[in-house]
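Hi,

Here is the structure I said I'd pass on. Have a look at it first, then read my notes below.

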Amino acid sequence: MAKKSMIEREKKRERLVIKYSEKRKSLLLEFKKANTFSDQMEVHKKIEKLPRNSSRIRLRNRCWRTGRSRGVYRDFGLCRHMVREMAHNCLLPGVRKASW
């Protein structure tokens, strides 16, 4: 189980990404359309003033069950430990243990 503070920090980042997504998107579009370097620098300064955690790249995939940040399968949203455990208990549809 991940620390509660790390899970809450990740939730806070998700809220910030949602809150600033439109503003960030419009500034990035404005940055791409800027003709001169000085215009680009002005827009870049505006982007820098946004909170760091409002950037989508800072989000980390986490297991919804344990909060573990590594080895997370996108299909299930679970870490590898939970996928194995739930697959053995027949809780994941379409997943079967390979035998050879």
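Into which domains is the protein divided? There's domain 1 (1-60) and domain 2 (63-99), with bounds that come from an automatic or database domain assignment. Bear in mind that this is a predicted model, where local features need pLDDT of at least 70 and side-chain atom pairs count only at pLDDT 80 or more, while totals for chains, interfaces and linings use all residues. Residues are numbered from 1 along each chain as its sequence is written, and side-chain values use heavy atoms, with hydrogens and water left out.

On to where the domains meet. Their centres, taken over C-alpha atoms, are 31 Å apart. Four residues of domain 1 are in contact with six of domain 2 (contact means heavy atoms within 4.5 Å). About 320 Å² is buried between the two domains, and carbon and sulfur atoms give 52% of that; buried area is the accessible area (1.4 Å probe) that two parts lose on being put together, summed over both. On the domain 1 side, Met1, Ala2 and Arg60 supply 89% of the area buried against domain 2, more than any other three residues. As for salt bridges between the domains (a side-chain nitrogen of Lys or Arg within 4 Å of a carboxyl oxygen of Asp or Glu), the count is zero.

That's it for now. Happy browsing!
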